[in-house]
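Let's walk through this one together, question by question. Have the view open and follow along.

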Amino acid sequence: MTDKNPRVEEVDEKDVEVKDHPKKWAAGIPGVYHSMKPAIEHMGLERSRKTLLALNQKDGFDCMSCAWPDPDHRKTFEFCENGAKAVTWEATPVVIGSEFWAEHSVSELRGQTEYWLGMQGRLTEPVYKPAGEDHYRPVSWDEAFTIIADKLKGLDSPDKAAFYTSGRTSNEAAFLYQLFVRAYGTNNLPDCSNMCHESSGWAMGQTIGIGKASITYADFAKADLIIVMGQNPGTNHPRMLTALEEAKEAGAQIVAINPLPEAGLMRYKNPQKVKGIIGRGTELADQFVQIRIGGDMALLQAVSKRVLDAEAKNPGTVLDHDFLQKHCQGLEELKEHLATLDENVVLQATGLRSEEIDELAGRYLKADKVIITWAMGLTQQKKAVATIKEIINLLLLRGNIGKPGAGASPIRGHSNVQGDRTMGVWEQMPPAFLDALGEEFSFEPPREHGVDSVETIRRMRDGGIKVFVAVGGNLVAAISDTNAAEAAMENTEMTVQVSTKLNRSHTVTGKEALILPTLGRTEIDLQESGEQFVSVEDTVCAIHASYGKVDPVAPQLLSEVAIISRLAAKVVGDRIRADWAGYERNYDLIRDHISHVVVGFDDYNTRIRQRDGFLLPHGPRDSRTFNTPTGKAMITVNELEYLERPDKTLILQSMRSHDQFNTTIYGHNDRYRGIKKGRHVVFVSPEDLAELGLSDGQYVDVHGIYADGVERVLRNFRLVSYPTARGCAAAYYPEANVLVPLESVAEGSHTPVSKGVLVRLEPAAELAAEPSAAG
Ligand SMILES: Nc1nc2c(c(=O)[nH]1)N[C@H]1C(S)=C(S)[C@@H](COP(=O)(O)OP(=O)(O)OC[C@H]3O[C@@H](n4cnc5c(=O)[nH]c(N)nc54)[C@H](O)[C@@H]3O)O[C@H]1N2
Ligand SMILES: Nc1nc2c(c(=O)[nH]1)N[C@H]1C(S)=C(S)[C@@H](COP(=O)(O)OP(=O)(O)OC[C@H]3O[C@@H](n4cnc5c(=O)[nH]c(N)nc54)[C@H](O)[C@@H]3O)O[C@H]1N2
Ligand SMILES: [Mo]
């Protein structure tokens with residue numbers, strides 16, 4: 001290593017500290033402090049200034065920490081604590097030097113934690129691990145591309161390779177990537193969305209004809225009621241708290257539906273305001289609905305039933321009849337279905353009291369304009385698609401789609417995960433897109449659907465997929481069933497990772513393996529025609545440009561566009577009408593193609609240069625047009641199902657701490673939940689602990705329960721007595737992925753059920769610590 005990083009904190013999971021939890025508010029002075037400190041420490045003042053002040057500004061770069069949109073009136077500090085962490089993590093001047101690869105074998109790196117790997121610094125040169133060897137060694141770019149191209153060209157079918165994308169990839173790189181993959185001959189384009197909002201896409205596609213949020217940023221301030229379900233914005237979308245605070249000040253009510261009383265949802269101290277710094281901040285949630293994991297479908301049905309009952313009592317006054325008649329189909333079937341809804345089952349499934357549901361229904365009925373937002377708490381459930389369809393049902397009943405201040409809003413995770421899909425990174429792109437792509441580049445794209453993330457792992461396991469290429473991400477750590485996933489990855493012939501930093505997926509490899517280092521979004525992207533910018537789409541369909549601001553950490557780094565272009569030139573060359581070398585020289589050429597192929601991108605190169613970018617068209621939002629087979633918004637009937645919990649078991653969710661970005665671990669604290677210096681914890685309610693004869697501070701083994709005979713265990717996790725819903729437990733992702741069976745996926749979307757894992761706790765054999773007083 002050229003620059004040893006002194007701050008790799010040594011952590012012994014036995015010393016995890018638990019106190020003062022959960023916090024009742026988020027952000028405020030600690031927010032500001034925690035934002036600036038690591039940046040300045042790691043990058044120095046100059047690099048911090050250049051990056052942080054450019055974050056989310058109109059001529060700056062798009063923050064890579066989430067897909068939250070930018071307000072029109074931006075502040076000087078348009079970033080949050082976790083955005084600052086993401087930037088610092090990427091723009092760190094610490095780099096991995098050539099000697100690193102001789103010093104550390106792959107097996108040794110495999111023994112290191114995700115945190116340690118990330119802290120080694122930025123990757124700077126391509127490296128190659130030949131078959132049978134245990135070390136990577138630096139190779140030239142040309143050598144690297146030749147090795148990969150030879151392998152891909154040698155496969156007897158293009159379907160024997162899979163090409164993964166994580167949602168940080170820009171529109172330009174994503175478009176080129178899917179073009180390259182389809183020109184090569186396969187639709188095997190799994191992505192992180194398969195593990196994330198796929199369920200939202202499915203449910204919304206089938207009901208309103210488009211899988212994207214039906215609101216814009218401005219709608220928050222116009223809403224009467226905002227319901228935040230299965231989402232922890234204080235940690236994962238911190239700037240959303242500002243939008244919620246503004247909505248609140250404009251008179252909106254906020255309801256949080258969550259098994260955990262997440263700090264940010266309870267009270268918010270806006271670090272940009274005096275009262276946020278010295279005062280009590282804003283109380284956000286008017287109602288906290290502490291739902292049992294997986295109970296949302298029952299809750300939503302129960303609320304819709306109350307809405308229908310209210311209409312039956314006062315006919316003509318509750319439902320939006322005009323809207324329903326003109327734009328929706330299926331009301332009668334829903335009425336019939338919900339008439340038989342059993343309140344006892346609802347209470348069992350939700351763990352709530354009827355009065356709480358009455359209160360929520362009352363708020364919904366009083367509000368003219370309602371927004372419902374959601375994230376992973378809903379999408380990573382077995383019944384995720386049906387649950388999200390119930391959100392749509394509820395909204396449709398009172399015309400809450402396609403009017404100002406109202407709508408359905410999945411809040412995306414990765415900063416450009418939505419854009420990647422728009423650009424064609426999907427294993428099931430519709431025929432119209434493939435037709436346009438084929439016409440633009442004079443070739444016949446493959447039509448057979450490709451594999452998603454879970455299916456990729458299965459086929460690697462079974463030998464059907466032999467080469468795995470990833471532009472970003474860390475699939476082996478992010479996907480369910482870690483042990484199975486690692487065995488599958490090792491069963492391949494070659495793995496190729498285009499990455500900014502080291503992670504687990506570089507250490508669990510195919511027989512041959514390559515790492516191709518790339519520029520990050522913070523860095524200036526200089527090509528032959530001059531400095532390039534890229535573009536991204538946020539969670540509300542706004543497209544804008546992102547300009548790198550700091551010098552690349554190493555001169556030989558290539559951009560993702562350059563890597564994809566050069567690889568494509570070697571693999572598919574002039575088999576299609578594409579100017580690969582030209583795309584690398586000037587990204588405008590890529591955007592010209594996008595404007596011909598992707599709907600909504602006319603005049604891309606001009607409109608992307610407008611200061612605010614532009615908004616993509618959205619039928620339901622703009623004109624209440626629903627692109628479904630009936631031309632109507634579909635009210636659907638979904639059979640109620642929830643996860644039953646046998647005696648002595650708990651339902652476990654896996655979630656993010658405040659110090660991580662997905663599989664990237666920035667540190668070992670989870671400030672708002674009161675956890676310090678460790679991640680091997682499992683949160684359980686004091687009542688359940690008592691019932692199970694366990695106590696806070698005790699160490700347990702967490703056994704997954706799944707009917708396939710495979711033993712899945714997390715060993716030596718510290719119990720934390722925590723006010724989560726009864727019968728529920730929580731642990732951190734990615735560690736908890738060990739417990740999620742590969743076969744346990746959401747119906748329809750195939751998203752791993754990361755939030756509904758049945759577990760049994762047993763006192764740990766080796767590490768029985770004294771119960772602590774904290775709790
Ligand atoms: N700092 C930071 N920002 C991020 C990320 C990150 O890791 N770190 N990740 C990014 C990505 S890719 C994504 S997808 C988003 C994720 O953003 P979130 O979805 O907020 O992420 P999770 O931590 O998985 O939180 C899930 C929330 O759902 C709740 N929950 C769990 N089960 C249920 C349930 O059955 N019902 C209900 N109603 N709630 C439930 C949990 O208690 C928790 O509050 O964040 C993005 N932004
Ligand atoms: N149990 C459980 N599992 C989950 C989840 C959960 O809540 N619980 N959440 C799921 C969700 S929502 C998601 S989105 C997935 C995330 O799955 P992924 O997107 O695959 O994982 P990340 O951790 O976001 O990927 C981080 C890696 O991306 C690389 N990287 C970072 N920036 C760049 C860049 O600019 N370019 C390139 N080429 N590489 C870059 C770095 O090497 C870094 O190590 O995990 C899923 N898995
Ligand atoms: Mo995500």
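Q: Is T186 buried or exposed?
A: In this predicted model, local features need pLDDT of at least 70, side-chain atom pairs count only at pLDDT 80 or more, and totals for chains, interfaces and linings use all residues. Residues are numbered from 1 along each chain as its sequence is written, chains are lettered from A and ligands numbered from 1 in the order in which they are written, and side-chain values use heavy atoms, leaving out hydrogens and water. Buried means under 20% relative accessible area, exposed over 50%, partly exposed in between (1.4 Å probe, protein chains only). The relative accessibility of T186 is 0%, so T186 counts as buried.

Q: Which side chain joins that of T186 in a polar contact of 2.7 Å?
A: A polar contact is a pair of N or O atoms within 3.5 Å; within protein, one must be able to donate a hydrogen and the other to accept it, and residues adjacent in sequence count only if both atoms are side-chain atoms. At 2.7 Å, the partner of T186 is D159.

Q: How far is an oxygen atom of ligand 1 from an N or O atom in the side chain of E262?
A: E262 is among the residues that come nearest to ligand 1. The distance from the ligand oxygen to that side-chain atom of E262 is 2.6 Å.

Q: Why does ligand 1 lie between two domains, and which are they?
A: Domain bounds come from an automatic or database domain assignment. Both domains give residues to the shell around ligand 1, so it lies between domain 2 (198-410) and domain 3 (650-763).

Note on methods: A residue is near a molecule or strand if one of its heavy atoms lies within 4 Å of it.
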